[in-house]
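Here's a quick tour for anyone meeting this structure for the first time. Have a look at the picture, then read on.

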Amino acid sequence: MHVTIEQAEKAIQAARAKAIELGTQMCIAVVDSGGNLKAFHRMDGAWVGSIDIAQKKAKTAVFFGMKTGQIGSLSQPGGSLYGIEHSNQGLITFPGGIPIVDADGEMSGAIGVSGSSVENDDAVALAGASAIGDTELPDHPWRT
């Protein structure tokens, strides 16, 4: 099942509230399970460059069913996924992209956030994803 527009909007509102709490401006993207943009929000003052990064973080998380920071740890020089960021028209492999998992344990989409430190990006993404589902896939994740 794909994330619904109502869920995407709820995730964006929760992420936006967390960004305000942290005193930062973010770009927040929610994609469906196919990596297609479902909803997007650019807070006033958020960097223009963060638009693309937020969307790519969400796509990266949904394409591989894991948090972008996890992919980043595997894509370091000498790592098993070294160079992966050059695939799929560009991926983002640092924190701020998180899968969204529904009640049946299936990935329904992902959220990507950009605009601050990677720690803040990750916290804001987690707030958004957690508002509508789980963020960890079961051992045998859903695949397209």
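## A buried aspartate

Let's start with one residue in this predicted model. Asp121 counts as buried because its relative accessible area is 2%, and the cut-off for buried is under 20%. You'll find Asp121 in helix α4.

What is Asp121 in contact with, leaving aside its neighbours within four places in sequence? The list runs to Met26, Lys57, Pro95, Gly96, Val113, Ser114, Gly115 and Ser116.

## The sheet

Now for the strands. Strands of a sheet pair through backbone hydrogen bonds, either parallel or antiparallel. Here, four strands make an open sheet, and if you walk across it you meet β2, β1, β4 and β3 in that order, with antiparallel pairing. The edges are β2 (37–42) and β3 (97–101), each of which pairs on one side only. From one strand to the next, the twist averages 15 degrees.

Take a look at strand β1, residues 27–32: five bridges join β1 to β2, and the two run antiparallel. Within that pairing, Ile28 stands opposite His41 in β2.

## Helices on the sheet

Helix α1 packs on the sheet, where it touches β1, β2 and β4 (107–114). The direction of α1 makes about 25 degrees with that of β2.

## Where the two helices meet

Two packed helices are described by the angle between their axes and the distance between the axes. For α1 (residues 5–22) and α4 (residues 118–130), the axes come within 7 Å and cross at roughly 145 degrees. The crossing of α1 past α4 is right-handed.

Which residues do the meeting? On the α1 side they are Ala11, Ala14, Ala15, Lys18, Ala19 and Leu22, and on the α4 side Asn120, Ala123, Val124, Ala127 and Gly128. Sorted by class, this contact has eight nonpolar, two polar and one charged residues.

## A glutamine in α3

One last stop: Gln70, which sits in helix α3 (residues 68–74). Is Gln70 buried or partly exposed? Its relative accessibility is 35%, so Gln70 counts as partly exposed.

The side chain of Gln70 reaches the backbone nitrogen of Lys67 at 2.9 Å. Gln70 and Pro95 are 25 residues apart along the chain, and their C-alpha atoms are separated by 7.8 Å. You've met Pro95 already, as one of the residues in contact with Asp121.

Methods
Residues are numbered from 1 along each chain as its sequence is written. This is a predicted model: local features need pLDDT of at least 70, side-chain atom pairs count only at pLDDT 80 or more; totals for chains, interfaces and linings use all residues. Side-chain values use heavy atoms; hydrogens and water are left out. Axes are lines fitted to C-alpha atoms, for helices over the stretch in contact, and angles run from 0 to 180 degrees between N-to-C directions. A crossing is left-handed if the near helix is turned anticlockwise from the far one by less than a right angle, and right-handed if clockwise. Contact means heavy atoms within 4.5 Å. Ala, Val, Leu, Ile, Met, Phe, Trp, Tyr, Cys and Pro count as nonpolar, Asp, Glu, Lys and Arg as charged, and the others, Gly among them, as polar. Two strands pair if DSSP finds at least two bridges between them. Buried means under 20% relative accessible area, exposed over 50%, partly exposed in between (1.4 Å probe, protein chains only). A polar contact is a pair of N or O atoms within 3.5 Å; within protein, one must be able to donate a hydrogen and the other to accept it, and residues adjacent in sequence count only if both atoms are side-chain atoms.
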